[in-house]
Amino acid sequence: MEISITVNGAAHQVDVPANTLLVEVLRERLGLTGTHVGCDTSQCGACVVHMDGDAVKSCTVLAGQAAGAEVTTIEGIGTPDDLHPMQAAFRQNHALQCGFCTPGMIMSAIDLVQKNDGDLDEAAVRDGLEGNLCRCTGYHNIVKAVLDAQQSMAAG
Amino acid sequence: MASETGIGASVLRKEDARFITGAGRYTDDLGQHGQTYAVFARSPHARAKIGSLDTAAAAATDGVVAVFTGADLQADGIGDLPCGWTVHSKDGEPMVVPPHPPIAVDRVNYVGEPYAVVIGETLEAAKNGAEALVADFEELPAVVDLASAASADQIHENVPNNQTYDWELGDKAATDEAFAKAAHVTSIDIVNNRLIPNAIEPRAALGEYDAAAGTYTLHTTSQNPHLERLVLAAFVNVAPEARLRVISPDVGGGFGSKIFVYAEETAVIWVAGKLRRPVKWRAERSESFLSDAHGRDHVTHAELALDGDGTFLGLRVKTIANMGAYLSTFASSVPTYLYGTLMAGQYKTPAIYVEVQSLFTNTAPVDAYRGAGRPEATYVVERIVETAARELGMDPAELRRRNFIEPGDFPYETPVALTYDTGDYEASLAKALDHADYAGFAARKAASEAAGMKRGIGFSCYIEACGLAPSQVAISLGAGVGLFEVGEVRVDVTGSVTVVTGSHSHGQSHETTFAQIISDKLGVPFENVTVLHGDTGRSDYALGTYGSRSLAVGGSAIIKATDKIIAKGCKIAAHMLEADAEQVSFEDGSFTVADSNQSLTFGEVAFSAYVPNNYPLEELEPGLSEKAFYDPPNFTYPAGAHICEVEVDPDTGVVRIDRFVAVDDFGHVVNPMIVEGQVHGGLAQGIGQALLEHGVYDDTGQLLSGSYMDYTMPRADDLPSFTVDTTVTPCTHNPLGVKGCGEAGAIGSTAAVMNAVTDALGVASVPMPATPETVWRAAQGGE
Amino acid sequence: MYSFNYHRPGTVDEAAGLMAEAEDGAYLSGGMTLIPTLKQRLASPSDVIDLSAVEGLEGVRDDGDTVSVGAMTRHATVAGSSAIPALAELAGRIGDAHVRNRGTIGGSIANSDPAADYPAAVVALDATVHTNKRSIAGGDFFQGLFETALEEGEVVTSVSFRKPSAAAYEKFPNPASRYAVVGVMVARCGGEVCVGVTGAGPCAFRATALEEALAADFSPGAADAATLDGSEFNADLHASAEFRAHLVGVLAKRAVARIA
């Protein structure tokens, strides 16, 4: 099955079996290994990317469903020299340890901030991140980072 | 005081640049041309004989490259997975060890135990092949209940009563005597619930074989690649160490579960050699639940003897510990030397006697999980102390104070084999009480009650023993490995520094912390220090990362190597400046001749070391690269006070943590930001144990909590923000004065939460985890 | 995943036609249940028929006395709608943000998961489920555990809900999965009181004992006093049948308190 997909602004044509997941297209076909797989029940959120403007779990999207979509992954939001405000806030607040959940967490957090008009408080951030598991940080610094990024994203 | 990047500064992490941009390289991100995929066929039964195993259809499946069974591994001389610590029973006999083939041969003993591995050109082909295996299982009754396991069916032929050992520690007679004269005895019966570690990165392995060189390379999710290599070489017989390289690239969390040597990477590296093709395996989360070593799982009866004033006289503890179906790599040491030895806690209890019976059941193997034995010990001690305070009508903080080992008592020898070097328990408790606004608790409780809610407060004053040591003592007690660590400091020609450590970082931030140490000690800019870890091809044999040891042991090795660098640098500088080495000292990044204005920068000395002009070669070798092995003389003893305040909804049983305060004494702190992060994560896991997490098997041995649909992981909305602070009594016996911070949160917090929940409900005990229904029922009974 | 043929039809008729031709077809809406099921090889359809490109299945339409929600409308869209605040609130509590960005109402109700949230609203708001063949009364739609009144190949096209004068949804989430251990929607429609319960039984149902008690006296106390027979309720690791029965009462009481 051939699908067209735009990832991080670049158009791709990939030929994959129908039983291929979006996350497999990203990791195995396009080499974008920043998107991780941490579970098999669509719970952990390590695989979250943006698809047509929404945060989605790329382990629960078939390649066919993503045909024609615009996808943004962790590799597409910033570089070490030009970080996205959310990436910068995660670093500044020590909101990551092992780094495995981090890409999904950052992509979820960006969507969360973008869909709330600067009115997120701590409880709303905690509620908004319920689809992302982190085993290292206890979430304390992640919450701080998201609240910080809310400010910097509004300013930027 | 600290420079901006030196010891004591909250330096932002070097690691972050790659992790926040998606450039981390975890095992599953790696691939090799022509690689195959491994899928493990796993037992659907908790206990069964494998009557026959027909692999023909599997082997004939489209895209299947090969199928291997346990018999194939055995026929090739692949040995059992060993347990690295021989514990002796009361009668002096060594523990009874059942055979543990990596792939089951005749019998399976837990759901999820691998009984064959199928190799496919694709993952789907390998899965198809695994489904085509025809195994004829003869089911046997499963032994699941721990409390009755000793009298249940015998699981292993060579293990009567399913008992690997029956261990004791302490003076039984003295303890009995203490109880005989007690004015009050408090007793508790508690279950320390089974946990499933759940690092978010599932275990994975990529095995390669270089036929031309005859060498193997295994990339895997290990906390200690050298241990992995040692076991694969010396016990499993894959290849001699020199022909086997084990690399742990970026690893997504471990928490103990990635210390151990498992069946899967063992099979993967062996198959890579057999097929002469790369083999890749990554656990699906369901496999992780079934096959990662689980944690905790104790049943305990404990009694505390007190005199009329509330002074502790004696403690008696009897524990049954679950080993699961086999002895995992360090399973035997966890409920013994990492548990019984901690029963003094922070208190001057004069007589303690601990008995631990470790039993097999038809469940996944149980081994070290964050804290490993010390959370279980803290749970016993801090639950019984809190219970005693309530029974005596004393303020629980005051009862603790009355029994604390005091600053003047150190070094303090406990009745359970440890010698604490230093501490100030009152200082941590006082600070924690202040942060928690203990004085305002009564008013908050009244406000909650007015709103139909219940409120409680709970304490936990824990101690832990980190940086397991020294080798000599541990080996005499049955450890099969040394407990030192290696550190290598390679000064580059231009004066930048590469550090090679045997400690692996999978979240702990070694690349930053160790660079701070070097920057501080050698005056080299932080950005010019690179830390390498996790590769047997890069560092000498080392023990890796577990038990909060990386800084206390690994960091000390680096300091030792740094001292050698300085000593040699002084000789080089002396040669360059034509002075005596004894006259040269090193300070603030410069080598200076005493009483002169002659001095050289670190960079000048480094350059000279590699461009040796006119060196007296018999006395002074070129080069500036030093290595040190550090074997600690004692454990370190981090300790602290945790206070938890909860509000309970009696209608639904929902427990909300209103505030959590942790004041810990980790000795000196290199990077406060990183240390706080470690505490936060530990707290989440300890709170998770208290309120959420539970590995549950049904009575046929099926794992009921086998996915995130049923195993309750702490999520952002389950937890509060934490109040974290420190006090400092420097460790007296390592060069940095550090103690270790990785496990404290998980060790101290669980008892604090449960003490708070029982306080809120006004009941003596609530089983863990205190789920809504459990709490609701307790609230009914408590009214 | 086993292999399958993937289709992305543009119309309902085309979708139904593909289903008729398939050896063993499955409709795919949001995929929040189907895809994990496929990944774990617990289902092996010959054909997966993706409804995401089918025209006219998305959107929330206020029809005055009723509100119509297209079958492929995402939970997030309903959560952001204003026609029935209690329905928006319910949708906003389904799963997590990512599930709400993908999951659809049609997929949810067609699955009849006993722990899904929407079914509580379907029964409490006297909804009508429209398919490519007919209209089914909400009260008749859920027939058992993962069983609905849908026939082979039938496609849900929309669900229309009666607009209540007041309603509230209370949920006790499963702490692990975040599905509903119990979810209760209490709705007043004129003089009538409807109580829809999900999570407690094999499928969503109306709690008639509560409805009768609340019809006589619409107060939290009346909800609290009503007794519920929970002997046939679901039981699992997270809640016994007894606890579920208790929770239905507690949640009903809280819902009533919010709208009384």
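This is a predicted model: local features need pLDDT of at least 70, side-chain atom pairs count only at pLDDT 80 or more; totals for chains, interfaces and linings use all residues.

Q: How far is S177(C) from A115(C)?
A: Their C-alpha atoms are separated by 10.0 Å. Along the chain, the two are 62 residues apart.

Q: Switching to chain B. How many helices and strands?
A: Chain B has 19 helices and 28 strands.

Q: What is the radius of gyration of chain B, and what would a compact globule have?
A: Chain B has 27 Å. A compact globule with 783 residues would have a value near 28 Å, so the two agree.

Q: What box do the C-alpha atoms fill?
A: Roughly 85 × 70 × 50 Å for chain B, taken along the principal axes.

Q: What share of chain B is buried?
A: Buried residues make up 62% of the 783.

Q: And what share of the contacts is between residues 24 or more positions apart?
A: In chain B that share is 80%, counting contacts with a separation of 6 or more.

Q: Now helix packing. How do α17(B) and α18(B) cross?
A: The axes of α17 (residues 672-691) and α18 (residues 744-761) of chain B come within 7 Å. They cross at roughly 40°. The two helices are therefore oblique to each other. The crossing is right-handed.

Q: Which residues make that contact?
A: From α17(B), they include V679(B), L683(B), I687(B) and L691(B). From α18(B), they include A744(B), G748(B), V753(B) and M754(B). The contact divides into 9 nonpolar, 10 polar and no charged residues.

Q: What about α9(B) and α10(B)?
A: The axes of α9 (residues 374-392) and α10 (residues 396-403) of chain B come within 9 Å and cross at roughly 115°. That makes α9(B) roughly perpendicular to α10(B). This crossing is right-handed.

Q: Which residues touch there?
A: V385(B), E386(B), A388(B) and A389(B) of α9(B) meet P396(B), L399(B) and R400(B) of α10(B). By class, that contact has 5 nonpolar, no polar and 2 charged residues.

Q: Backbone next. Where are there cis peptide bonds?
A: One runs from A469(B) to P470(B), with omega near -20°. P470(B) is in the loop between β18 (454-463) and α13 (471-476) of chain B. Another joins M768(B) and P769(B), with omega about -10°. P769(B) is in the loop between α18 and α19 (772-782) of chain B.

Q: Which non-glycine residues have positive phi?
A: Among them are N161(B), with phi near 60°, and N162(B), with phi of about 55°. N161(B) is in the loop between β6 (134-139) and β7 (163-170) of chain B. N162(B) is in the loop between β6 and β7 as well.

Q: Buried or exposed, those two?
A: N161(B) is partly exposed, with 15 other C-beta atoms within 10 Å. N162(B) is buried, with 25.

Q: Last topic, the interfaces. How many residues does each side of the contact between A and B take?
A: Chain A gives 46 residues and chain B gives 45. The chain A side divides into 20 nonpolar, 18 polar and 8 charged.

Q: And between B and C?
A: 14 residues of chain B are in contact with 11 residues of chain C. The chain B side has 7 nonpolar, 4 polar and 3 charged residues.

Definitions and conventions. Residues are numbered from 1 along each chain as its sequence is written. Chains are lettered from A and ligands numbered from 1 in the order in which they are written. Two residues are in contact if their C-beta atoms, placed from the backbone, lie within 7 Å. Ala, Val, Leu, Ile, Met, Phe, Trp, Tyr, Cys and Pro count as nonpolar, Asp, Glu, Lys and Arg as charged, and the others, Gly among them, as polar. Axes are lines fitted to C-alpha atoms, for helices over the stretch in contact, and angles run from 0 to 180 degrees between N-to-C directions. Helices (H or I, at least four residues) and strands (E, at least two) are DSSP runs, numbered from the N terminus. Angles under 35 degrees count as roughly parallel, over 145 as roughly antiparallel, 65 to 115 as roughly perpendicular and the rest as oblique. A crossing is left-handed if the near helix is turned anticlockwise from the far one by less than a right angle, and right-handed if clockwise. The radius of gyration is taken over C-alpha atoms; the globule rule is 2.2 Å times the number of residues to the power 0.38. A residue is buried if 20 or more other C-beta atoms lie within 10 Å of its own, exposed if 12 or fewer, and partly exposed in between; C-beta atoms are placed from the backbone.
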